[in-house]
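Here is a short briefing to keep beside the structure as you look through it.

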Amino acid sequence: MFPEIIDTRPWRRAIDDSLNWVVRNWGDEFEAAAYPLLMLLNFIEDVLIATPWWLIMAILVGIAWLATRRWQLPVIVLVSLLFLGVMELWEDAMTTMALMIAATITAIVFSIPLGVWMSRSERVRQVVTPLLDLMQTMPSFVYLIPTVMIFGPGKIPALIATIVYAAPPLVRLTDLGLRSVDPAVMEASRAFGTTPSQRLFGVQIPLSLPTILAGVNQTTMMALAMVVIASMIGAGGLGYQVLQGIGRLEVSRGLFAGLGIVVLAIVFDRITQSFGKQLQAKIGLAETRS
Amino acid sequence: MNEIKTDTDLAIRMRGVTKIFGDDPQSALELLKQGKSKTEVQAETGHVVGLDNVSLDIARGQIFVVMGLSGSGKSTLIRHVNRLIEPTAGEIIVDGTDVLKMSLEELRTYRRNTVAMVFQKFGLLPHRSVIDNVAYGLEVRGVPKAERLERAAKWIDTVGLSGYEQSRPRQLSGGQQQRVGLARALALDTDIILMDEAFSALDPLIRSGMQDQLIELQKSLGKTILFITHDFDEALKIADRIAVLKDGAVQQEGKPEDIVLKPANEHIEEFVREVNKARAIHVRTIMEKGDFEACEYTVPATARCEEVLPYFAEHQWVGVTNDQGKQIGRVTAKGVIGALARYTPGVGEG
């Protein structure tokens, strides 16, 4: 046994008490602050559910065509979406998609500016990097419980937990992409008398867009990985079906819903990756002598 | 020898420019002022001396070449002119304005309007087409789109890249990419152009063509060009004046012929030994002035010794003419051989 050097019980009590105090005194404020997130999620979910299934299919197949200009990916997307429809998972899939899209949008809004800031300041990077490590490695239940205590079970804690888990790769890849822009190009730009923001928006961001897009891809994938856990605290969708399947020992229900998540992951992964490749070719980072 | 130059004749004036890389450059600067060498300062403080008390006067309308081996500080030197690097000490006056006293905003204006730069690694924007690259400087300056594209197209034509306007830099060869870099700098129509080893990354034949083009452009545009190179042959070919840099300090500064004929020290002599002297020496520096009987072969006074050599197969001497085509003197085979052989070890009077 490790000898007891100090008594940690007062610390734990302090933490628990302060959380309780926050819940009691600031719960409403937190809920109000997170309300825009809920609005965003509900809006996306309503739109996705209200849109007829064939229109959503057409849009996603169209995007897949735009991303690749070949027939393979659109066919894969079409078959995947038909699977969701045939297996009676369409509405759940839309709910899950809404959660993923809302989490991704929020992550983009917060992560890209943070990544830009990190790329410009060594000190910011030193502070943020361990935080990102924490967000990615801390078991999600640990921060899920306090969020549920503050916001109550429902979609908000589910969305927040998803964002916390899914945002780090986007921050990291934004930072990496901006820093790995060819210094010779940056210097040339400086020599022509550009302002820092002209360099950021005219050179750095366009040149690191493929890397940033890889970050968006990672974020969508990690958001989908969270849907089962998110459904435990009130997010519906495919994750909830999986949970029910486990609870009722209905293997088939869990399996089909699980496959539904896989199918969504494939669709979004392939589409964002293809856009990344297209962008790289456009920037001329990949060899494209046609 | 002592031409009196007023400040208005000078495009760039550097006085005592010193650059020390490291955390505490001031303490290293003290050691340097006490007369310690670059290696001593580096051993004692771990600071690298980039430039050591460099003073240069660069007159308007010249091609001024700074020559040095890698690590001699030549790239550091050229980056001081547009303050991509801040000096530790010294003074840099461009067009009568102290560059080091400029505010950030003034510095940006100065970079947009007074100095353009061409880079060894081209530094083109890979996500933009050739024409948008050439127009980049004008775009930063705020020139309206139609006008800047028109001007860019004109310069693309000048450097011989018509038809490539919509290509991406990546699709071009090295020589073509550097032409884009050159056009981008020329499109700004600045008085001063900085060229940092602009041709070093190119194949010899393409390099030679670019050098010829640069000399032509300089003749027609009258720009002040500060050109950095590690290639002595290149320096001799294009330079009006040359400064040789070693360990961050200027070893010798003068006309190409002066450096070839009167190298100031061992280091420069080593360069001179390797170089094609026939190309470096102008006929005018070794000709005998006076009336001689007209020769069937004549060369202008600005010709290089190299161009005279073939005639000696037929004749003992060749006439030299001035701008009007009048014969003003002659060069003899003996004179040329004397000039070429002077600094070859163990031969001649040494």
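**A facing pair in the chain B sheet**

In chain B, Met14(B) stands opposite Ile92(B), a residue of β4(B). Please keep in mind that this is a predicted model.

- Strand β1 (residues 10-21) of chain B and strand β4 (residues 89-94) of chain B run antiparallel and are joined by 5 bridges.
- These two strands belong to an open sheet of 4 strands in chain B, with the order β2-β1-β4-β5 and antiparallel pairing.
- The edges of the sheet are formed by β2 (48-59) and β5 (97-98) of chain B, each of which pairs on one side only.
- Helix α3 (residues 74-81) of chain B lies across β1, β2 and β4 of chain B, and α3 runs at about 55° to β2(B).

**Domains of chain B**

- Chain B is divided into two parts: domain 1 covers 60-79 + 101-278, and domain 2 covers 281-341.
- The C-alpha centres of domain 1 and domain 2 of chain B are 32 Å apart.
- Where the two domains touch, domain 1 of chain B supplies 4 residues and domain 2 of chain B supplies 8 residues.
- On the domain 1 side of this contact, α11 (256-261) and α13 (277-280) of chain B are the elements that give two or more residues.
- The residues on that domain 1 side divide into 2 nonpolar, no polar and 2 charged.

**Where chain B meets chain A**

- Across the contact between the chains, 20 residues of chain B meet 18 residues of chain A.
- On the chain B side, the elements that give two or more residues are α4 (104-113) and α6 (136-141) of chain B.
- Of these, α4(B) provides the largest share, with 4 residues.
- By residue type, the chain B side of the contact holds 8 nonpolar, 6 polar and 6 charged residues.

**Confidence in chain A**

- The mean pLDDT of chain A is 89, and 98% of the residues of chain A reach 70 or more.
- Among the elements of chain A, helix α8 (residues 168-179) has the highest mean pLDDT, 94.
- Helix α11 (residues 227-232) of chain A has the lowest mean pLDDT among those elements, 85.
- In general, where pLDDT is low, the predicted coordinates should not be read in detail.

Notes
Residues numbered from 1 in each chain as written. Chains lettered and ligands numbered in written order. Predicted model: local features only at pLDDT ≥ 70, side-chain atom pairs only at ≥ 80, totals over all residues. pLDDT = per-residue confidence, 0-100. Pairing = 2+ DSSP bridges. Contact = placed C-beta atoms within 7 Å. Axes fitted to C-alpha atoms, helices over the stretch in contact; angles between N-to-C directions. Nonpolar A, V, L, I, M, F, W, Y, C, P; charged D, E, K, R; others polar. Domains from an automatic or database assignment.
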